[in-house]
There are 4 protein chains.
Amino acid sequence: MKQYRVLIDANDEKGLVHKVSTIFYDFNLNILSNSEYVDKENNKFFMRSVVDGDVDLEELKSAIENILTQEATIKVVEPKKKNIILMVTKEMHALGDILIRHEAGELDANILAVVSNYEDLGSLVEKFGIEYKTISHENLSREEHEEKIIEYINSYENVDYIVLAKYMRILTPTFVKAFENEIINIHHSFLPAFIGANPYKQAHERGVKIIGATSHFVNNDLDEGPIIAQEVVHIDHSYSWRDMQRKGKDVEKIVLSRALKLALEDRIFVYQNKTVIF
Amino acid sequence: MKQYRVLIDANDEKGLVHKVSTIFYDFNLNILSNSEYVDKENNKFFMRSVVDGDVDLEELKSAIENILTQEATIKVVEPKKKNIILMVTKEMHALGDILIRHEAGELDANILAVVSNYEDLGSLVEKFGIEYKTISHENLSREEHEEKIIEYINSYENVDYIVLAKYMRILTPTFVKAFENEIINIHHSFLPAFIGANPYKQAHERGVKIIGATSHFVNNDLDEGPIIAQEVVHIDHSYSWRDMQRKGKDVEKIVLSRALKLALEDRIFVYQNKTVIF
Amino acid sequence: MKQYRVLIDANDEKGLVHKVSTIFYDFNLNILSNSEYVDKENNKFFMRSVVDGDVDLEELKSAIENILTQEATIKVVEPKKKNIILMVTKEMHALGDILIRHEAGELDANILAVVSNYEDLGSLVEKFGIEYKTISHENLSREEHEEKIIEYINSYENVDYIVLAKYMRILTPTFVKAFENEIINIHHSFLPAFIGANPYKQAHERGVKIIGATSHFVNNDLDEGPIIAQEVVHIDHSYSWRDMQRKGKDVEKIVLSRALKLALEDRIFVYQNKTVIF
Amino acid sequence: MKQYRVLIDANDEKGLVHKVSTIFYDFNLNILSNSEYVDKENNKFFMRSVVDGDVDLEELKSAIENILTQEATIKVVEPKKKNIILMVTKEMHALGDILIRHEAGELDANILAVVSNYEDLGSLVEKFGIEYKTISHENLSREEHEEKIIEYINSYENVDYIVLAKYMRILTPTFVKAFENEIINIHHSFLPAFIGANPYKQAHERGVKIIGATSHFVNNDLDEGPIIAQEVVHIDHSYSWRDMQRKGKDVEKIVLSRALKLALEDRIFVYQNKTVIF
């Protein structure tokens with residue numbers, strides 16, 4: 001008996017659950033869990049099922065496609081380790097958290113490599129026997145720099161996700177388009193408050209009583225991609241912006257790892273710059 | 001077009017979702033939302049669907065019963081205001097919160113009456129045009145006192161839930177059995193810590209850094225019934241137990257109202273002294 | 001023995017705690033609690049002491065003034081009920097929460113009156129024997145309308161705070177200036193995200209995973225005043241903006257009451273559009 | 001200019017703040033921050049001041065001792081890295097979090113060594129150039145095993161704290177007494193709920209909706225020492241106890257690091273099996 005994850009993203013129409021569950025029944029699949037969401041306003045239907053049995057992935061996918069009277073996005077996968085590449089700059093906390101989870105076997109992923117524009121984090125990454133690739137941006141235009149990174153990433157086959165674990169440079173539309181809905185970022189703020197540079201300074205200036213972090217897919221507009229996970233912590237007047245930053249790091253790493261886990265478990269649908277998460 | 005809530009609590013077997021969704025299809029019902037949970041360990045299946053269409057409730061229920069090869073608990077209801085009776089002693093915060101929600105039209109319930117063993121809260125309740133019934137326990141055995149309350153409650157038809165909004169007396173098995181899984185309590189503690197009397201004093205004594213509240217159905221063992229909702233707040237050494245109590249009241253009223261809302265929306269299954277909540 | 005609260009807001013200089021505590025010692029006052037905060041960047045000193053003993057308030061205040069080599073803001077008060085006026089529009093949840101706390105004796109305040117631009121909430125307020133004053137804005141310019149409200153408020157002596165318990169009109173600089181740092185607002189958003197109208201619609205549009213509420217003093221810029229308290233709750237994709245609004249109400253009322261309590265206990269300093277809270 | 005932390009734990013008496021601040025004034029020390037707490041019920045006074053200036057530590061301490069009319073516990077220290085030894089068994093998450101913080105320079109501590117009863121975590125620890133000492137308990141009585149550990153710990157001078165980062169064996173009173181209020185543990189539960197073995201199984205059995213973790217000093221009674229920090233996360237019926245355990249790990253590591261940070265910054269007083277934390 002194997003397990004399969006079936007994800008369907010379609011326009012809503014009557015009988016969808018019936019039709020899909022009939023296919024499962026015909027394929028002799030047992031439903032272990034099932035989540036559905038209908039966005040009435042936009043007439044959208046989302047379904048994620050975990051089933052067990054023994055089928056051919058492509059046959060199952062075709063069968064589902066055939067009973068739908070419309071075009072839909074259908075994904076049928078077996079749970080297995082996904083391939084990820086991390087991108088970092090100089091900060092250690094988010095990267096370190098992912099490395100330890102990976103080492104502990106908590107993370108359902110292979111870390112293919114860590115890419116950075118600085119050498120600083122190389123010695124940490126290499127302790128774990130993971131390739132660290134420095135691609136400096138010095139003397140390069142943004143486009144030239146990214147071209148080199150894309151080339152490096154593409155030297156790996158089957159990269160599922162690129163995780164920006166505090167990569168502090170803005171990506172161009174070209175880069176983003178090359179990996180649509182595959183780039184997961186951690187923004188050091190409770191978006192949409194404090195978009196842009198040094199949100200902790202902005203938060204301190206504004207005198208807020210809560211700070212947070214947001215993990216999201218990256219799209220063309222800086223900090224505007226679909227939100228996956230958010231978390232906050234309480235602070236008070238005694239926090240300097242550096243204290244906020246220190247406290248914020250704990251939130252950042254937890255939120256990024258939470259978002260990554262959701263992606264690795266195929267739990268996220270993206271539509272209209274938002275996420276549906278089961 | 002009407003809306004219906006369908007709740008199924010059965011032993012798990014292959015094809016249940018298929019069978020039920022076929023019935024929905026045959027009855028020309030559209031699924032608005034659908035939640036399922038399978039407890040593999042105990043081989044239990046839970047499903048809650050919200051559908052719209054136009055059917056006879058009893059016919060739909062029979063049709064579902066007929067396709068199940070086993071005994072199961074099936075509930076088919078239209079969303080409508082449920083009837084509740086509140087029981088209180090002397091504290092105002094939980095009662096007041098429910099009265100205001102009721103007055104604001106936020107609560108999907110008719111408050112039939114408020115029962116207390118003291119007169120104290122009568123003037124508040126009567127401001128809202130709701131019957132307040134004092135049934136003193138003085139000079140009565142626990143059994144005699146409860147008998148009077150049961151008699152009073154039974155003078156109303158169709159009581160859906162009894163809400164203990166800080167009713168500070170322990171109920172006997174007789175009382176509990178008379179309203180199984182229909183009595184919702186708020187316990188002023190994060191159960192199972194600090195079971196029993198004055199949990200805030202116990203919490204202060206122990207020097208905890210978080211206090212909480214728990215809403216649960218009442219069963220025979222004091223504070224041991226199925227938990228519906230819990231919430232906490234952070235405290236520090238400067239809190240006396242009275243400060244904790246004051247701060248705890250906010251948590252208590254929010255948690256009780258949250259649990260009540262879940263019950264009024266038919267979202268709770270009870271089994272093995274636990275809840276499944278969709 | 002009486003209790004006094006002493007609040008000092010001054011430029012920082014060496015020996016301030018020593019000097020003030022010497023005064024307390026000379027006046028035979030016992031320190032029950034003491035909080036200090038120094039903002040090094042802006043060279044500001046804040047101190048709040050609760051002391052007991054038996055002194056003349058003015059004499060104590062003068063003595064402290066005399067030992068300071070600079071101008072400072074010094075406040076010496078006995079704990080007693082403050083006078084507040086509530087302003088509302090049509091929503092009941094924040095008002096209701098304050099009314100119940102007042103009725104329960106939880107609130108260290110006298111509610112002098114509730115002012116609204118609509119009649120809707122009058123019947124609720126009058127249940128509690130509190131004056132409800134409707135001042136309609138119809139056929140009036142904003143200035144004319146506010147003039148009437150100011151006139152009404154000024155018909156009461158010694159109003160300590162004006163609490164905007166979901167008063168949905170923007171106040172002019174004239175109004176705000178008349179009651180500087182005395183107007184407490186609840187904003188139905190986690191500021192500075194979603195400033196302005198219908199933040200829940202904005203939040204839904206953006207697909208956030210957390211919503212919140214902010215209580216702040218009102219200044220000339222809409223939603224830009226010094227923040228007193230903030231709180232959040234988690235949501236998911238299944239929430240419509242109306243669901244968010246409903247869930248948000250619980251946060252709003254809790255945060256507003258928390259901020260009001262801090263004000264009533266003389267715990268808030270305001271400077272540079274921020275608060276220091278002890 | 002140097003910084004000093006002054007901690008005073010004494011019986012309460014009138015004029016203590018005055019007396020201490022006079023000493024600071026006489027020593028030409030500037031108060032940067034100051035926290036006091038009076039436990040009226042037990043007549044206890046706690047004070048933590050951060051001051052800057054240039055003094056002899058012992059002279060300052062003596063001066064404070066001399067003005068107190070009673071015995072008191074006085075601590076005067078310069079902020080500097082403390083020496084810690086970690087004890088672990090087989091789980092990586094809490095240890096890994098501390099190692100990464102240490103590597104990132106976030107932790108104000110030198111990790112002298114990591115001691116374990118198993119070899120499993122040695123390769124991780126040694127990646128970071130930190131000594132890993134396996135002291136197996138096999139074929140040893142509990143006393144013999146602990147004797148070896150104590151001997152090993154005592155081979156280091158000036159150990160400030162022993163951090164049990166998921167050390168899964170119960171310590172004897174002898175061990176605990178040897179390092180009173182110096183052993184920091186992380187308990188994988190929201191104490192005092194679910195004391196003892198496998199709290200996640202207990203929590204699952206009970207059907208709770210929140211799980212948590214508690215960091216505390218270790219005393220003779222298992223899980224009964226003074227609590228330093230606690231945190232919780234929400235769960236639901238779909239969590240198996242292993243899911244709870246997985247989710248709980250994030251809370252455990254955050255809470256342990258938070259408690260350790262408080263200890264390293266000399267912010268914790270212990271009395272009557274509770275903590276006062278500034």
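**Entry 1: one chain**

I began with chain A and counted 8 helices and 13 strands in its secondary structure, where helices (H or I, at least four residues) and strands (E, at least two) are DSSP runs numbered from the N terminus. I noted that this is a predicted model, in which local features need pLDDT of at least 70 and side-chain atom pairs count only at pLDDT 80 or more, while totals for chains, interfaces and linings use all residues. Residues are numbered from 1 along each chain as its sequence is written, and chains are lettered from A and ligands numbered from 1 in the order in which they are written.

The radius of gyration of chain A, taken over C-alpha atoms, is 21 Å, close to the 19 Å from the globule rule for 278 residues, so chain A is as compact as a globular protein of that length; the rule is 2.2 Å times the number of residues to the power 0.38. I also looked up the box that the C-alpha atoms of chain A fill, which is roughly 60 × 40 × 35 Å along the principal axes. Of the 278 residues in chain A, 43% are buried; a residue is buried if 20 or more other C-beta atoms, placed from the backbone, lie within 10 Å of its own, exposed if 12 or fewer, and partly exposed in between.

**Entry 2: the core**

The largest nonpolar core, I found, has 321 residues, and those with the most contacts inside it are Ala165(A), Ala165(B), Ala165(C) and Ala165(D). Such a core is a set of buried Ala, Val, Leu, Ile, Met, Phe, Trp, Tyr and Cys residues joined through C-beta atoms within 7 Å. Setting aside neighbours within four places in sequence, I listed the contacts of Ala165(A), among them Leu86(A), Val88(A), Ile98(A) and Leu256(A); two residues are in contact if their C-beta atoms, placed from the backbone, lie within 7 Å.

**Entry 3: chain D against chains A and B**

**Entry 4: one helix and one residue**

In helix α7 (residues 199–206) of chain B, the buried residues are Pro199(B), Tyr200(B), Ala203(B) and His204(B). They cover an arc of only 140° around the axis, which puts them on the same side of α7(B), the arc being that of the directions from the helix axis to the C-beta atoms. Their cover includes β10 (210–217) and α8 (241–264) of chain B.

Lastly, I looked up Glu144(D), which lies in helix α5 (residues 142–154) of chain D and is exposed, with 10 other C-beta atoms within 10 Å.
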